[in-house]
Every structure is written in structure tokens, then in C-alpha cells.
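Colleague: I would like to learn how to read the ligand site and a few local features of this model. Please take them in turn.

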Amino acid sequence: MTMKKIVFLTGAGISAESGITTFRDAGGLWEQYPVEDVASIEGYWRNPKLVIQFYNDRRRQLAGVKPNKAHELVAELQDNYDVTVVTQNVDDLHERAGSNKIIHLHGELMKATSSDEPNDNRCVVKLPNYESDINFGDKAKDGSQLRPFIVWFGEPVPMIELAAERVSEADIVVIVGTSLNVYPAAGLVRYARRDATIYLVDPSPQNVPNDMDIHVISKKASEGMIDVVNAIRNSSLL
Ligand code: OAD
């Protein structure tokens, strides 16, 4: 018997209980750092040093956090389902929880790339550890400044097509901890099959498409994921 396919669409909220600050909540990261300075391609070219340092700090923060119950439950479902995680997060908590198929839409803190050709795979390198800062003056393979492997506002999202394909194949789609503000990621749920079952876990759900049949669970990721796992397992018994 082929395994049912589950696609998770995760955002900053799934890592909140691990201690990583979300972006748009009160006290969120974009209140402390203007998003146009640290997360746009124009901001990078204006002040590459500042942006490189911002992501060095984010990378170093990963050493002090660990996956929470929600990441773990996502990974555990792999035992019985074909699970793909499509995440907007740049942290490595899904990897550390044991998920095998992960699509990072907005890049990865643990990788670096070329400033001239950020999506040239030959220039993408994995950073060995959380203290592996990128320094101003470090060069990518093509000789340009090494930069964080992050998809910034104003840049294309190369993984979006693969992600959309995975969503379109899913029997079950589970959205966890995203404000659904940022496109194209926020539009992925539209690729779900008409007969797919869709859950959304978020303590303050926002921008939930009201023309789709979505089971909204207004709880934190760790608690809401327990409900999702129970609902999935119960429906599989029917
Ligand atoms: P946001 O900060 O926009 O949204 C976080 C969501 O998580 C909100 O809907 C919160 O209600 C929810 N949340 C907070 N605590 C939670 C918890 N314990 N459990 C579950 N949900 C919780 O973050 P994203 O939607 O991920 O991109 O933001 C999308 C993109 O915008 C990011 O990838 C980043 C940012 O700019 C780039 O930097 C390119």
C-alpha cells in the first residue's frame, strides 16, 4: 500500500516555542530591525556588512535552541506517511528533529553563497557550525563576496515550483505558524487538491483563505500538532 502524502507548510510560529522570535508578532524581529534594511536585496547592497552580521547573529542563536514538540511530531509522522516539509524558516530545527524531506523556500542559515549568482549551486557552501561566521571579505567560488544563503525581498524564490508540485500531490496539507503575509509562499495552499484535507495551526490565525475548507486549530504549534496527529490517525482508521 502506498503511504498517504502529507505536506507541512511551516513558518516562524513553529519555532517560536524553541525560543526563536517570529517576525510580525508584537515584539517580533521586524520591530527591532527594519525589514528593508536586513531582509531585502537593496538593503544588502546598501550595507552588506550589517546584513552579514545580522545573519551571523541569527546563526549563532541556533546553538542555544532546540526543536520543540511540534517539529518532533512532524518528523514522527514519517513512520506512517510520506511527509514533505515546506518551510519559510531559515533555521535547521526541522532537520534536527529528523525530518528527511525539507524544502526551504527562503534559504538556510547554515549555507552561504555568491553575491553575484546566489542561486548558482556551484557557489553554495554548507557552513560547518553555528560559529562559522561569514566575514566581510570572504569570497564565494566565483570571486564575489560570500553572502548568507537567504532569499530576500526583491529576489526570486527558486524552490516555489517544486513546493507547489508537492502541495498539489498531497492528501493532507498542514499549515503551522505562518501569518500568510509573504508571497509566493502564502499562495501555496491554493495548489492543494480539492479533496485534500487541510489543517491550520496558529494561536492567532491570520489571512486564512475563507473560500477554502480549512480546519483551523487556534493553538500553539506544540499543542495544535497533537490535535492534528490525532485527527490524521483517526481519519486513517475510517
Ligand atoms: P510571521 O512572524 O509573519 O508570522 C508568525 C505566525 O506564527 C503568526 O501568525 C503568529 O500568530 C504565529 N505564532 C506565534 N507563536 C506561535 C506558536 N507558539 N505556535 C504557532 N504559531 C505561532 O512569520 P512567517 O509567516 O513565517 O522571510 O513570515 C514569513 C516570512 O516573512 C519569513 O520567512 C521571513 C519574513 O520576512 C524572509 O526573511 C525572506
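Colleague: Which backbone does a nitrogen atom of the ligand lie 3.2 Å from?

Modeller: A polar contact is a pair of N or O atoms within 3.5 Å; within protein, one must be able to donate a hydrogen and the other to accept it, and residues adjacent in sequence count only if both atoms are side-chain atoms. Here the ligand nitrogen is 3.2 Å from a polar backbone atom of Gly 13. The protein buries 95% of the 810 Å² that the ligand exposes when taken alone (Shrake-Rupley areas, 1.4 Å probe).

Colleague: How far can I trust such distances?

Modeller: The model is predicted, so local features need pLDDT of at least 70 and side-chain atom pairs 80 or more, while totals for chains, interfaces and linings use all residues. Residues are numbered from 1 along each chain as its sequence is written, and side-chain values use heavy atoms, without hydrogens and water.

Colleague: Which residues come nearest to the ligand?

Modeller: A residue counts as near if one of its heavy atoms lies within 4 Å. Of the 24 residues around the ligand, the nearest are Phe 23, Arg 24, Thr 178, Ser 179 and Asp 202.

Colleague: How many salt bridges does the structure hold?

Modeller: The term means a side-chain nitrogen of Lys or Arg within 4 Å of a carboxyl oxygen of Asp or Glu. There are 13, including Arg 193 with Asp 171 at 3.1 Å, N to O. These two are 22 residues apart and link distant parts of the chain: Arg 193 is in the loop between strands E7 (172–176) and E8 (197–201), Asp 171 in the loop between helix H8 (160–169) and E7 (DSSP runs numbered from the N terminus, helices of at least four residues, strands of at least two).

Colleague: Where is the cis peptide bond?

Modeller: Tyr 183 and Pro 184 share it, with omega about 10°.
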